[in-house]
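Colleague: I have the model open and would like to go through a few parts of it with you. Can we start with the helix packing?

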Amino acid sequence: MAYSKKVIDKFENTINEPHKHSVGRWDPKEEDVGTGMVGAPACGDVMRLQIKCKERGNSHVIEDVKFKTYGCGSAIASSSELVDMLKGKTLEEAKVIKNSEIAEALDLPPIKIHCSVLAEDSIRQAIEDYESKI
Amino acid sequence: MKLPIYLDYASTTPVDPRVLEVMKNHLSVEGNFGNPASRSHSFGWKAEEAVEDARFKVASLVNCDTREIIWTSGATEADNLAIKGVAKFYKSKGNHIITSKIEHKAVLDSCRQLEREGFEVTYLDPDENGLISPDTVKKVITDRTILVSLMHINNEIGVINDIKSIGEITREKGIIFHVDAAQSTGKVKIDLADLKVDLMSFSAHKTYGPKGIGALYVSRKPRVRLEAQIHGGGHERGMRSGTLPTHQIVGMGEAFHIANQEMELEVERIKGLRDKFWNGLKDIEEVYLNGDLEQRAAGFLNVSFNYIEGESLIMALKDIAVSSGSACTSASLEPSYVLRALGLKDELAHSSIRFAVGRFTTDEEIDHTLDLVRDSVEKLREISPLWDMYKDGIDMDSIEWAAN
């Protein structure tokens with residue numbers, strides 16, 4: 001599998017400096033945390049994405065993000081890329097992020113597009129979880 | 001130490017420099033370039049002599065008669081010729097073939113093709129260590145069985161089947177026994193005078209010879225007949241036509257000759273490196289060795305690192321050349337069918353890495369790889385949500401995962 005330099009760099013930076021790349025977790029029970037967990041171990045990828053939000057005006061803003069991913073290199077790179085996109089966005093803005101934006105940012109090969117789809121699913125789920133709490 | 005480090009010797013091996021020297025002398029106008037089939041001049045005679053010398057060297061490694069060695073383009077062709085050739089020649093005797101679920105694709109796909117042509121194939125399950133017991137073979141033999149085809153050493157996990165005992169059963173029943181030994185030469189001793197094997201496939205490039213050349217052993221006593229799959233010219237006793245590639249054949253001959261002379265010492269050395277490697281890995285939490293540890297060829301280690309996906313580990317081990325049973329490294333996006341047939345859960349198959357040590361592997365390379373593996377496993381677990389869950393004591397089988 002020939003990956004783009006972008007995928008390789010993103011992957012390596014993420015695993016080498018996890019704390020700089022929002023790797024981690026919060027207690028999903030916290031009021032201001034929304035958690036999304038997608039994928040399955042048997043399929044070879046599982047992503048857990050968490051957003052920490054704050055009400056600002058009449059919308060909610062994603063102040064911080066944490067994630068962990070089990071999966072191939074491009075799955076890890078895709079979730080890390082998504083995290084960068086999310087910080088500071090309102091939920092409305094986050095909801096319209098498309099998997100194609102992640103795939104393009106990383107030059108994912110066609111066979112790895114499903115990794116970006118999974119990342120998109122994880123943000124949907126995390127937002128849903130957060131919204132169920134407010 | 002040079003990077004990257006090659007630890008994929010089960011996939012292919014570099015040509016030994018001594019083999020390359022011999023090959024070079026059989027190509028150009030200054031060398032022995034003639035067509036071995038030319039009977040009318042010395043160019044042909046000399047080439048034929050080189051081919052026959054190589055045939056003798058191959059036959060010597062496996063202790064058979066030179067007339068029992070048929071050159072092919074590799075083990076894939078040898079498997080095709082053996083399986084299809086026997087099925088078609090003996091179809092009036094029966095239409096049932098026995099093989100296993102963990103054979104190489106050259107065998108499985110040949111059998112699938114025969115199924116489309118009306119043959120019936122039984123695919124045996126290995127035990128959890130990857131071995132096919134003689135008893136399981138015995139149980140599925142019918143009076144329509146004409147062929148049993150099983151591998152000697154499995155290419156993914158390196159376990160060694162008991163082909164001696166299986167041969168006793170097939171010979172007694174008058175069933176032809178084909179063995180794919182592509183991974184065996186130079187790794188374990190093969191004595192065809194003792195084994196009751198009728199057909200055996202060989203490959204040069206797994207034993208420090210060139211790619212594109214292999215051989216099929218076709219027993220003369222008892223005599224096994226085959227229907228040729230490639231026609232034209234009647235080379236190789238009519239069983240495999242096509243001009244013989246002298247340079248590749250002498251390469252295979254020299255490679256097998258070296259294997260014959262150096263196998264004992266080399267196996268000791270490689271086993272030492274492999275054991276050192278495994279000893280350095282086995283204390284890591286949630287690491288599993290796939291396949292039987294005792295009945296295993298030196299050099300092979302197939303290891304599952306639980307809660308880490310294999311392709312990401314390969315990416316983290318960027319200066320180490322290894323392969324994985326992970327779906328992400330296969331074209332089909334399915335995890336290894338071999339590991340699944342062993343009964344491994346999909347997630348453990350996704351997490352597997354095959355390390356294969358060989359002739360040019362050094363102690364220093366093993367040390368370096370060990371450091372890198374330990375470090376990468378730690379990093380990838382740090383980022384794995386499954387590792388968190390494992391550490392929290394959550395039973396992952398109890399979770400309803402959304403399939404993607």
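Colleague: Which residues of H2(A) and H4(A) meet?
Modeller: This is a predicted model, to begin with. From H2(A) the residues are A:Ala77, A:Ser78, A:Glu81, A:Leu82 and A:Met85, and they meet A:Glu101, A:Ile102, A:Ala105 and A:Leu106 of H4(A).

Colleague: How do those residues divide into nonpolar, polar and charged?
Modeller: The contact of H2(A) with H4(A) has 6 nonpolar, 1 polar and 2 charged residues.

Colleague: And at what angle do the axes of H2 and H4 of chain A cross?
Modeller: Roughly 110°, and the axes come within 10 Å. H2 covers residues 73-86 and H4 residues 99-106 of chain A. The two helices are therefore roughly perpendicular to each other.

Colleague: Is that crossing right-handed or left-handed?
Modeller: The crossing of H2(A) and H4(A) is right-handed.

Colleague: What about H1 of chain A, at what angle does it pack with H2(A)?
Modeller: H1, residues 5-16 of chain A, packs with H2(A) at about 80°, and their axes are 8 Å apart. H1(A) and H2(A) are therefore roughly perpendicular to each other. On the H1(A) side the contact uses A:Val7, A:Lys10, A:Phe11 and A:Thr14. On the H2(A) side it uses A:Gly73, A:Ser74, A:Ile76, A:Ala77, A:Ser80, A:Glu81 and A:Asp84.

Colleague: How do the residues of that one divide?
Modeller: For the contact of H1(A) with H2(A), into 4 nonpolar, 4 polar and 3 charged.

Colleague: Stepping back, how many helices and strands does chain A have?
Modeller: Chain A has 5 helices and 3 strands. Along the sequence they follow the pattern α-β-β-β-α-α-α-α.

Colleague: What is the radius of gyration of chain A?
Modeller: It is 14 Å, which agrees with the value near 14 Å for a compact globule of 134 residues. The C-alpha trace of chain A spans about 45 × 25 × 25 Å along its principal axes. Buried residues make up 57% of chain A.

Colleague: Now chain B. How many helices and strands there?
Modeller: Chain B has 12 helices and 13 strands. Its radius of gyration is 22 Å, close to the 22 Å from the globule rule for 404 residues, so chain B is as compact as a globular protein of that length. Its C-alpha atoms fill a box of roughly 75 × 55 × 35 Å along the principal axes.

Colleague: What share of the contacts in chain B with a separation of 6 or more comes from residues 24 or more positions apart?
Modeller: In chain B that share is 72%. For chain A the corresponding figure is 62%.

Colleague: I also marked two loop residues. Where is B:Ile153?
Modeller: B:Ile153 is in the loop between strand S5 (145-151) and helix H6 (163-173) of chain B.

Colleague: Buried or exposed?
Modeller: B:Ile153 is buried, because its relative accessible area is 1%. Beyond four places in sequence, its contacts include B:Val159, B:Ile160, B:Val188, B:Ala297 and B:Phe300. B:Thr185 is 32 residues from B:Ile153 in sequence and 9.7 Å away in space, C-alpha to C-alpha.

Colleague: And B:His26, where is its place?
Modeller: In the loop between helix H1 (17-24) and helix H2 (42-62) of chain B. B:His26 counts as buried because its relative accessibility is 13%.

Colleague: Which residues does B:His26 touch?
Modeller: Not counting residues up to four places away in sequence, B:His26 touches B:Asn32, B:Phe33, B:Ala50, B:Thr246, B:His247 and B:Val250.

How values were computed. Residues numbered from 1 in each chain as written. Chains lettered and ligands numbered in written order. Predicted model: local features only at pLDDT ≥ 70, side-chain atom pairs only at ≥ 80, totals over all residues. Heavy atoms only, no water. Axes fitted to C-alpha atoms, helices over the stretch in contact; angles between N-to-C directions. Helix = DSSP H or I, 4+ residues; strand = E, 2+ residues; numbered from the N terminus. Parallel < 35°, antiparallel > 145°, perpendicular 65-115°, else oblique. Left-handed = near helix turned anticlockwise from the far one by under 90°. Contact = heavy atoms within 4.5 Å. Nonpolar A, V, L, I, M, F, W, Y, C, P; charged D, E, K, R; others polar. Rg over C-alpha atoms; globule rule 2.2 N^0.38 Å. Buried < 20%, exposed > 50% of the residue type's maximum accessible area, 1.4 Å probe, protein only.
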